[in-house]
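Good morning, and thank you for making time for this presentation. Please look at the sequence and the structure as they come up.

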Amino acid sequence: TEAVPQAADVVVIGAGQAGLSAGYHLRRRGFVPAGDPAGGARTYLVLDAEDGPGGAWRHRWRSLRMSTINGIHDLPGIEQPDVEPEAASVDVLPAYFGDYEDELGLAVVRPVRVRRVEKADDELGDGGDGGHGDLLVRWEGRGSSGVITARAVINATGTWSKPFWPAYPGQETFRGRQLHTADYVRAEDFAGQRVAVVGGGISAVQLLEEVSHVAQTFWFTRREPVWRDSFDPEDGSRAVAMVADRVRDGLPPLSVVSVTGLIRTPSLRAAAARGVLDRRPMFARIASEGVVMPDGGLVPVDVIFWNTGFRAALDHLRPLGLRGAGGGIRMDGTQVDGEPRVHLIGYGPSASTIGANRAGRDAVNRIVRHLNDN
Ligand code: FAD
(Lines give C-alpha, C1' and ligand atoms only; values in the text may rest on other atoms or scores of the structure.)
Protein backbone atom coordinates (compact mmCIF):
# COMPACT_ATOMS: atom_id res chain seq x y z
CA THR A 1 0.00 0.00 0.00
CA GLU A 2 1.14 3.50 -0.77
CA ALA A 3 2.14 5.88 1.99
CA VAL A 4 -0.58 8.22 3.23
CA PRO A 5 0.35 11.83 2.36
CA GLN A 6 1.18 14.11 5.28
CA ALA A 7 -0.58 17.24 4.11
CA ALA A 8 -3.68 18.23 2.16
CA ASP A 9 -5.68 21.43 1.87
CA VAL A 10 -8.89 19.57 2.67
CA VAL A 11 -9.30 16.22 4.44
CA VAL A 12 -12.65 14.47 4.08
CA ILE A 13 -13.27 11.91 6.83
CA GLY A 14 -15.59 9.12 5.70
CA ALA A 15 -16.53 7.83 2.24
CA GLY A 16 -20.25 7.17 2.50
CA GLN A 17 -22.78 9.15 0.46
CA ALA A 18 -21.76 12.39 2.17
CA GLY A 19 -17.99 11.95 1.83
CA LEU A 20 -18.24 10.91 -1.82
CA SER A 21 -20.39 13.92 -2.58
CA ALA A 22 -17.71 16.14 -1.02
CA GLY A 23 -15.06 14.34 -3.09
CA TYR A 24 -17.06 14.92 -6.27
CA HIS A 25 -17.39 18.64 -5.61
CA LEU A 26 -13.73 18.99 -4.61
CA ARG A 27 -12.73 17.45 -7.94
CA ARG A 28 -15.10 19.77 -9.76
CA ARG A 29 -13.49 22.73 -8.09
CA GLY A 30 -10.07 21.61 -9.33
CA PHE A 31 -8.70 19.89 -6.23
CA VAL A 32 -6.42 16.91 -6.88
CA PRO A 33 -5.68 13.98 -4.55
CA ALA A 34 -2.78 14.85 -2.24
CA GLY A 35 0.37 13.07 -3.30
CA ASP A 36 -0.63 13.42 -6.95
CA PRO A 37 2.54 14.45 -8.81
CA ALA A 38 0.68 17.16 -10.77
CA GLY A 39 1.68 20.08 -8.54
CA GLY A 40 0.14 23.51 -8.24
CA ALA A 41 -3.49 22.63 -7.62
CA ARG A 42 -5.17 22.52 -4.24
CA THR A 43 -5.20 19.06 -2.72
CA TYR A 44 -7.66 16.84 -0.86
CA LEU A 45 -7.73 13.42 0.76
CA VAL A 46 -10.74 11.22 1.46
CA LEU A 47 -10.01 8.85 4.36
CA ASP A 48 -12.29 5.93 5.18
CA ALA A 49 -12.22 3.32 7.94
CA GLU A 50 -13.77 0.53 5.84
CA ASP A 51 -11.94 -2.19 3.91
CA GLY A 52 -13.82 -1.29 0.74
CA PRO A 53 -16.41 1.11 -0.72
CA GLY A 54 -20.03 1.57 0.38
CA GLY A 55 -19.90 3.34 3.74
CA ALA A 56 -22.49 1.95 6.14
CA TRP A 57 -24.22 0.12 3.30
CA ARG A 58 -21.46 -2.51 3.58
CA HIS A 59 -22.90 -3.54 6.92
CA ARG A 60 -26.65 -3.56 6.45
CA TRP A 61 -28.43 -6.89 6.78
CA ARG A 62 -28.89 -8.98 3.66
CA SER A 63 -32.71 -8.89 3.78
CA LEU A 64 -32.65 -5.09 3.40
CA ARG A 65 -33.49 -4.98 -0.28
CA MET A 66 -33.52 -2.16 -2.78
CA SER A 67 -37.33 -2.35 -2.49
CA THR A 68 -37.35 -2.13 1.32
CA ILE A 69 -34.93 0.76 1.84
CA ASN A 70 -36.52 4.22 1.79
CA GLY A 71 -34.95 5.10 -1.51
CA ILE A 72 -31.44 6.20 -2.24
CA HIS A 73 -30.66 9.41 -4.02
CA ASP A 74 -28.06 9.02 -6.79
CA LEU A 75 -24.55 10.12 -5.96
CA PRO A 76 -23.82 13.40 -7.76
CA GLY A 77 -23.06 12.97 -11.44
CA ILE A 78 -23.58 9.23 -11.95
CA GLU A 79 -26.90 7.41 -11.78
CA GLN A 80 -27.47 4.22 -9.84
CA PRO A 81 -27.45 1.03 -11.88
CA ASP A 82 -30.80 -0.50 -12.80
CA VAL A 83 -31.28 -3.46 -10.52
CA GLU A 84 -33.98 -5.87 -9.47
CA PRO A 85 -36.02 -4.48 -6.57
CA GLU A 86 -35.29 -7.72 -4.74
CA ALA A 87 -31.51 -7.21 -4.96
CA ALA A 88 -29.82 -6.84 -1.57
CA SER A 89 -28.73 -3.27 -0.80
CA VAL A 90 -25.56 -4.72 0.75
CA ASP A 91 -24.57 -5.96 -2.72
CA VAL A 92 -25.85 -3.17 -4.94
CA LEU A 93 -24.79 -0.02 -3.12
CA PRO A 94 -21.17 -0.88 -2.27
CA ALA A 95 -20.66 -1.91 -5.92
CA TYR A 96 -22.21 1.37 -7.11
CA PHE A 97 -20.05 3.39 -4.71
CA GLY A 98 -16.93 1.50 -5.81
CA ASP A 99 -17.59 2.14 -9.50
CA TYR A 100 -18.27 5.77 -8.67
CA GLU A 101 -14.95 6.19 -6.86
CA ASP A 102 -13.09 4.59 -9.77
CA GLU A 103 -14.82 6.58 -12.46
CA LEU A 104 -14.19 9.91 -10.74
CA GLY A 105 -10.68 8.95 -9.62
CA LEU A 106 -11.50 9.93 -6.04
CA ALA A 107 -8.52 7.94 -4.69
CA VAL A 108 -10.14 7.14 -1.33
CA VAL A 109 -7.52 6.10 1.23
CA ARG A 110 -8.58 3.06 3.29
CA PRO A 111 -8.67 1.42 5.70
CA VAL A 112 -7.70 4.44 7.74
CA ARG A 113 -9.54 5.50 10.89
CA VAL A 114 -9.20 9.04 12.16
CA ARG A 115 -8.64 9.00 15.91
CA ARG A 116 -8.24 12.70 16.67
CA VAL A 117 -8.49 16.05 14.98
CA GLU A 118 -6.60 18.81 16.77
CA LYS A 119 -5.63 22.42 16.22
CA ALA A 120 -1.95 22.61 15.25
CA ASP A 121 -1.20 25.76 17.21
CA ASP A 122 -3.20 24.93 20.29
CA GLU A 123 -0.24 23.99 22.46
CA LEU A 124 -1.67 26.08 25.27
CA GLY A 125 -4.81 23.98 25.07
CA ASP A 126 -6.99 27.09 25.25
CA GLY A 127 -8.67 26.35 21.94
CA GLY A 128 -8.00 29.87 20.76
CA ASP A 129 -6.23 30.20 17.44
CA GLY A 130 -8.70 32.51 15.73
CA GLY A 131 -9.79 29.80 13.31
CA HIS A 132 -6.81 30.32 11.00
CA GLY A 133 -4.17 27.74 11.91
CA ASP A 134 -3.82 24.26 10.50
CA LEU A 135 -5.62 21.19 11.75
CA LEU A 136 -3.84 17.94 12.56
CA VAL A 137 -5.68 14.79 11.53
CA ARG A 138 -4.31 11.80 13.44
CA TRP A 139 -5.09 8.44 11.89
CA GLU A 140 -4.48 4.73 12.38
CA GLY A 141 -4.76 1.88 9.93
CA ARG A 142 -2.91 -0.35 7.48
CA GLY A 143 -0.78 -1.46 10.42
CA SER A 144 0.50 2.07 10.79
CA SER A 145 -0.43 5.52 12.04
CA GLY A 146 0.30 9.08 11.06
CA VAL A 147 -0.76 12.67 11.03
CA ILE A 148 -1.99 14.83 8.18
CA THR A 149 -1.80 18.62 8.30
CA ALA A 150 -4.95 20.12 6.80
CA ARG A 151 -6.37 23.58 6.28
CA ALA A 152 -9.93 22.32 6.55
CA VAL A 153 -11.79 19.12 7.45
CA ILE A 154 -15.08 17.87 6.10
CA ASN A 155 -16.43 15.31 8.52
CA ALA A 156 -18.69 12.69 6.92
CA THR A 157 -18.49 9.83 9.40
CA GLY A 158 -22.19 8.99 9.61
CA THR A 159 -23.67 7.19 12.59
CA TRP A 160 -23.28 3.46 11.98
CA SER A 161 -20.21 3.10 14.19
CA LYS A 162 -22.06 4.67 17.13
CA PRO A 163 -25.10 2.54 17.95
CA PHE A 164 -27.11 3.94 20.84
CA TRP A 165 -27.92 1.50 23.66
CA PRO A 166 -30.17 2.96 26.34
CA ALA A 167 -29.37 1.93 29.91
CA TYR A 168 -31.95 0.04 31.97
CA PRO A 169 -31.48 -1.19 35.52
CA GLY A 170 -30.59 -4.86 35.70
CA GLN A 171 -29.29 -4.95 32.12
CA GLU A 172 -26.08 -6.72 33.13
CA THR A 173 -28.02 -9.50 34.87
CA PHE A 174 -29.85 -10.62 31.72
CA ARG A 175 -28.90 -14.18 30.81
CA GLY A 176 -30.12 -14.09 27.23
CA ARG A 177 -28.67 -12.36 24.20
CA GLN A 178 -28.75 -8.60 23.68
CA LEU A 179 -28.03 -7.07 20.31
CA HIS A 180 -28.43 -3.79 18.46
CA THR A 181 -29.68 -3.09 14.93
CA ALA A 182 -26.01 -2.74 13.95
CA ASP A 183 -25.40 -6.39 14.96
CA TYR A 184 -28.38 -7.91 13.12
CA VAL A 185 -27.64 -10.59 10.54
CA ARG A 186 -30.77 -12.67 9.87
CA ALA A 187 -34.13 -13.54 11.41
CA GLU A 188 -33.36 -17.28 11.42
CA ASP A 189 -30.89 -16.67 14.25
CA PHE A 190 -33.93 -16.18 16.52
CA ALA A 191 -35.99 -19.16 15.35
CA GLY A 192 -38.30 -20.43 18.08
CA GLN A 193 -37.17 -17.81 20.63
CA ARG A 194 -38.99 -15.14 22.59
CA VAL A 195 -37.66 -11.79 21.39
CA ALA A 196 -38.21 -8.33 22.91
CA VAL A 197 -37.86 -5.74 20.14
CA VAL A 198 -37.24 -2.24 21.50
CA GLY A 199 -37.69 0.96 19.52
CA GLY A 200 -40.21 2.86 17.41
CA GLY A 201 -38.28 3.69 14.24
CA ILE A 202 -38.20 2.21 10.76
CA SER A 203 -35.50 -0.34 11.56
CA ALA A 204 -37.44 -1.46 14.62
CA VAL A 205 -40.67 -2.16 12.75
CA GLN A 206 -38.98 -3.70 9.73
CA LEU A 207 -36.94 -6.08 11.83
CA LEU A 208 -39.85 -6.78 14.19
CA GLU A 209 -41.90 -7.85 11.19
CA GLU A 210 -39.07 -9.99 9.86
CA VAL A 211 -38.28 -11.71 13.16
CA SER A 212 -41.99 -12.26 13.91
CA HIS A 213 -42.16 -14.87 11.15
CA VAL A 214 -39.82 -17.21 13.03
CA ALA A 215 -40.00 -16.10 16.66
CA GLN A 216 -42.48 -14.91 19.27
CA THR A 217 -42.01 -11.15 19.46
CA PHE A 218 -42.87 -8.50 22.05
CA TRP A 219 -42.67 -4.89 20.91
CA PHE A 220 -41.71 -2.12 23.33
CA THR A 221 -41.69 1.60 22.51
CA ARG A 222 -41.49 4.69 24.70
CA ARG A 223 -44.23 6.44 22.77
CA GLU A 224 -47.19 5.39 20.71
CA PRO A 225 -45.79 5.28 17.15
CA VAL A 226 -47.27 7.63 14.56
CA TRP A 227 -48.49 5.72 11.50
CA ARG A 228 -49.02 7.16 8.03
CA ASP A 229 -50.43 5.62 4.89
CA SER A 230 -48.04 7.38 2.59
CA PHE A 231 -45.10 9.67 2.75
CA ASP A 232 -45.90 13.31 2.21
CA PRO A 233 -42.83 15.22 0.97
CA GLU A 234 -44.05 18.23 2.95
CA ASP A 235 -43.80 16.25 6.17
CA GLY A 236 -40.26 15.38 5.13
CA SER A 237 -39.36 19.02 4.55
CA ARG A 238 -40.91 20.00 7.86
CA ALA A 239 -38.92 17.33 9.64
CA VAL A 240 -35.67 18.43 8.01
CA ALA A 241 -36.40 22.07 8.93
CA MET A 242 -37.04 21.06 12.51
CA VAL A 243 -33.73 19.23 12.78
CA ALA A 244 -31.98 22.18 11.09
CA ASP A 245 -33.42 24.51 13.76
CA ARG A 246 -32.16 22.22 16.49
CA VAL A 247 -28.57 22.10 15.29
CA ARG A 248 -28.53 25.84 14.59
CA ASP A 249 -29.42 26.28 18.26
CA GLY A 250 -26.68 23.91 19.36
CA LEU A 251 -28.99 21.06 20.39
CA PRO A 252 -28.25 17.43 19.57
CA PRO A 253 -29.96 16.48 16.29
CA LEU A 254 -32.82 14.01 16.14
CA SER A 255 -32.81 11.62 13.23
CA VAL A 256 -34.85 13.08 10.38
CA VAL A 257 -36.61 9.75 9.99
CA SER A 258 -37.61 9.67 13.64
CA VAL A 259 -39.77 12.74 13.14
CA THR A 260 -41.50 11.72 9.91
CA GLY A 261 -43.47 8.77 11.28
CA LEU A 262 -43.87 5.19 10.08
CA ILE A 263 -45.38 4.18 6.76
CA ARG A 264 -47.88 1.31 6.67
CA THR A 265 -46.34 -0.86 3.99
CA PRO A 266 -48.22 -3.97 2.83
CA SER A 267 -46.00 -6.25 4.92
CA LEU A 268 -46.53 -4.06 7.99
CA ARG A 269 -50.30 -4.11 7.44
CA ALA A 270 -50.11 -7.88 7.39
CA ALA A 271 -48.00 -7.83 10.54
CA ALA A 272 -50.58 -5.61 12.22
CA ALA A 273 -53.29 -8.11 11.28
CA ARG A 274 -51.24 -10.84 12.95
CA GLY A 275 -51.05 -8.75 16.14
CA VAL A 276 -47.29 -8.25 15.81
CA LEU A 277 -47.59 -4.46 16.03
CA ASP A 278 -49.51 -4.45 19.33
CA ARG A 279 -47.10 -2.21 21.10
CA ARG A 280 -46.30 -2.31 24.81
CA PRO A 281 -45.01 0.59 26.89
CA MET A 282 -41.35 0.47 27.86
CA PHE A 283 -40.37 -1.98 30.55
CA ALA A 284 -39.00 -0.55 33.78
CA ARG A 285 -36.04 -2.85 34.28
CA ILE A 286 -34.36 -6.01 33.12
CA ALA A 287 -34.09 -9.25 35.09
CA SER A 288 -32.08 -12.40 34.38
CA GLU A 289 -35.07 -14.09 32.70
CA GLY A 290 -36.63 -11.20 30.85
CA VAL A 291 -37.99 -7.70 31.12
CA VAL A 292 -40.04 -6.34 34.01
CA MET A 293 -43.01 -4.08 33.37
CA PRO A 294 -43.75 -0.98 35.49
CA ASP A 295 -46.40 -2.99 37.41
CA GLY A 296 -43.77 -5.63 38.31
CA GLY A 297 -44.94 -8.28 35.85
CA LEU A 298 -42.17 -10.29 34.16
CA VAL A 299 -42.19 -10.85 30.41
CA PRO A 300 -39.80 -13.77 29.94
CA VAL A 301 -37.62 -13.39 26.84
CA ASP A 302 -34.51 -15.01 25.37
CA VAL A 303 -33.38 -11.99 23.40
CA ILE A 304 -33.51 -8.21 23.81
CA PHE A 305 -33.11 -6.58 20.42
CA TRP A 306 -32.33 -2.88 20.76
CA ASN A 307 -33.44 -0.93 17.68
CA THR A 308 -32.78 2.29 19.49
CA GLY A 309 -30.94 4.26 16.87
CA PHE A 310 -27.53 5.72 16.38
CA ARG A 311 -25.66 8.88 17.31
CA ALA A 312 -23.35 10.99 15.15
CA ALA A 313 -19.87 9.41 15.17
CA LEU A 314 -17.90 12.48 16.26
CA ASP A 315 -15.67 11.23 19.08
CA HIS A 316 -12.52 11.97 17.06
CA LEU A 317 -13.48 15.67 16.96
CA ARG A 318 -13.59 15.97 20.74
CA PRO A 319 -10.15 17.70 20.98
CA LEU A 320 -11.65 20.60 19.00
CA GLY A 321 -14.11 21.34 21.81
CA LEU A 322 -17.04 21.88 19.44
CA ARG A 323 -19.83 20.84 21.78
CA GLY A 324 -21.59 23.70 23.53
CA ALA A 325 -23.88 24.12 26.49
CA GLY A 326 -26.87 22.76 24.56
CA GLY A 327 -25.22 19.35 24.39
CA GLY A 328 -24.87 19.58 20.62
CA ILE A 329 -22.71 21.45 18.15
CA ARG A 330 -23.99 24.84 17.07
CA MET A 331 -24.12 24.79 13.27
CA ASP A 332 -24.21 27.45 10.58
CA GLY A 333 -25.32 25.40 7.58
CA THR A 334 -22.73 22.65 7.19
CA GLN A 335 -20.10 24.71 8.98
CA VAL A 336 -19.50 24.48 12.71
CA ASP A 337 -20.51 27.92 13.96
CA GLY A 338 -17.40 30.04 14.44
CA GLU A 339 -15.07 27.32 13.09
CA PRO A 340 -14.69 27.84 9.31
CA ARG A 341 -12.23 24.94 9.05
CA VAL A 342 -14.70 22.26 10.15
CA HIS A 343 -17.83 21.15 8.31
CA LEU A 344 -20.18 18.33 9.32
CA ILE A 345 -22.06 16.68 6.48
CA GLY A 346 -24.55 13.83 6.69
CA TYR A 347 -25.18 15.35 10.12
CA GLY A 348 -28.52 16.54 11.50
CA PRO A 349 -30.71 17.87 8.68
CA SER A 350 -28.39 16.37 6.03
CA ALA A 351 -28.48 12.81 7.45
CA SER A 352 -30.23 11.39 4.40
CA THR A 353 -28.86 10.51 1.00
CA ILE A 354 -30.35 13.61 -0.64
CA GLY A 355 -29.26 15.80 2.26
CA ALA A 356 -25.76 14.33 2.18
CA ASN A 357 -25.42 15.17 -1.52
CA ARG A 358 -26.34 18.81 -1.00
CA ALA A 359 -24.28 19.14 2.13
CA GLY A 360 -21.18 17.90 0.28
CA ARG A 361 -21.64 20.65 -2.30
CA ASP A 362 -22.36 23.37 0.27
CA ALA A 363 -19.37 22.44 2.41
CA VAL A 364 -16.98 22.50 -0.56
CA ASN A 365 -18.30 25.86 -1.76
CA ARG A 366 -17.80 27.44 1.63
CA ILE A 367 -14.38 25.90 2.18
CA VAL A 368 -13.20 27.22 -1.19
CA ARG A 369 -14.28 30.70 -0.07
CA HIS A 370 -12.51 30.24 3.25
CA LEU A 371 -9.29 29.11 1.53
CA ASN A 372 -9.48 32.03 -0.91
CA ASP A 373 -9.84 34.51 1.96
CA ASN A 374 -7.05 33.16 4.15
P1 FAD B 1 -22.08 6.37 6.15
O2 FAD B 1 -22.63 5.66 4.99
O3 FAD B 1 -22.25 5.78 7.50
O4 FAD B 1 -20.53 6.58 5.86
C5 FAD B 1 -19.64 7.01 6.86
C6 FAD B 1 -18.28 6.47 6.53
O7 FAD B 1 -17.35 7.05 7.44
C8 FAD B 1 -18.17 4.96 6.72
O9 FAD B 1 -17.51 4.39 5.62
C10 FAD B 1 -17.34 4.83 8.00
O11 FAD B 1 -16.54 3.67 8.05
C12 FAD B 1 -16.49 6.07 7.92
N13 FAD B 1 -15.98 6.49 9.21
C14 FAD B 1 -16.65 6.63 10.39
N15 FAD B 1 -15.83 7.08 11.35
C16 FAD B 1 -14.60 7.24 10.78
C17 FAD B 1 -13.34 7.68 11.26
N18 FAD B 1 -13.18 8.08 12.52
N19 FAD B 1 -12.29 7.70 10.40
C20 FAD B 1 -12.46 7.31 9.11
N21 FAD B 1 -13.63 6.89 8.60
C22 FAD B 1 -14.69 6.86 9.42
N23 FAD B 1 -31.17 7.20 4.03
C24 FAD B 1 -31.81 7.39 2.86
O25 FAD B 1 -31.75 8.49 2.29
N26 FAD B 1 -32.53 6.36 2.28
C27 FAD B 1 -32.61 5.13 2.86
O28 FAD B 1 -33.24 4.23 2.32
C29 FAD B 1 -31.94 4.90 4.09
N30 FAD B 1 -31.99 3.69 4.69
C31 FAD B 1 -31.33 3.51 5.86
C32 FAD B 1 -31.39 2.26 6.46
C33 FAD B 1 -30.76 2.02 7.68
C34 FAD B 1 -30.84 0.69 8.31
C35 FAD B 1 -30.03 3.09 8.30
C36 FAD B 1 -29.35 2.87 9.61
C37 FAD B 1 -29.96 4.34 7.69
C38 FAD B 1 -30.61 4.56 6.48
N39 FAD B 1 -30.58 5.81 5.86
C40 FAD B 1 -31.22 5.99 4.66
C41 FAD B 1 -29.82 6.90 6.43
C42 FAD B 1 -28.43 6.74 5.82
O43 FAD B 1 -27.60 6.17 6.76
C44 FAD B 1 -27.93 8.03 5.26
O45 FAD B 1 -28.83 8.58 4.37
C46 FAD B 1 -26.63 7.92 4.47
O47 FAD B 1 -26.49 6.68 3.83
C48 FAD B 1 -25.49 8.12 5.40
O49 FAD B 1 -24.39 8.45 4.61
P50 FAD B 1 -23.11 9.02 5.30
O51 FAD B 1 -22.14 9.26 4.22
O52 FAD B 1 -23.46 10.15 6.17
O53 FAD B 1 -22.64 7.87 6.31
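Helix α1 gives the most to the shell around the ligand, with 3 residues; helices (H or I, at least four residues) and strands (E, at least two) are DSSP runs, numbered from the N terminus. Please note that this is a predicted model, in which local features need pLDDT of at least 70 and side-chain atom pairs count only at pLDDT 80 or more, while totals for chains, interfaces and linings use all residues. Residues are numbered from 1 along each chain as its sequence is written.

At least two residues of the shell come from each of α1 (17-28), β4 (113-119) and α6 (353-373). There are 33 residues around the ligand, and those that come nearest are Gly-14, Gly-16, Gly-55, Gly-158 and Gly-346; here a residue is near if its C-beta atom, placed from the backbone, lies within 6 Å of the molecule. By type, the shell has 14 nonpolar, 15 polar and 4 charged residues, where Ala, Val, Leu, Ile, Met, Phe, Trp, Tyr, Cys and Pro count as nonpolar, Asp, Glu, Lys and Arg as charged, and the others, Gly among them, as polar.

I turn now to a sheet. Its 5 strands form an open, parallel arrangement in the order β7-β16-β8-β9-β12; two strands pair if DSSP finds at least two bridges between them. Because β7 (177-180) and β12 (279-281) are the edges, with a single partner strand each, one side of each has no neighbour in the sheet. From one strand to the next, the twist averages 25°, with axes fitted as lines to C-alpha atoms, for helices over the stretch in contact, and angles running from 0 to 180 degrees between N-to-C directions.

Within the sheet, 5 bridges join the parallel strands β8 (residues 194-198) and β9 (residues 216-221). Arg-194 stands opposite Gln-216 in β9.

Which helix packs on this sheet, touching β8, β9 and β16? It is α3 (residues 202-212), whose direction makes about 170° with that of β8; contact means C-beta atoms, placed from the backbone, within 7 Å. In α3, 11 of the 11 residues are buried, so this helix is largely enclosed by the rest of the structure. A residue is buried if 20 or more other C-beta atoms lie within 10 Å of its own, exposed if 12 or fewer, and partly exposed in between. The cover over α3 includes β8, β9, β11 (262-263), α5 (266-273) and β16.

Definitions and conventions:
Two residues are in contact if their C-beta atoms, placed from the backbone, lie within 7 Å.
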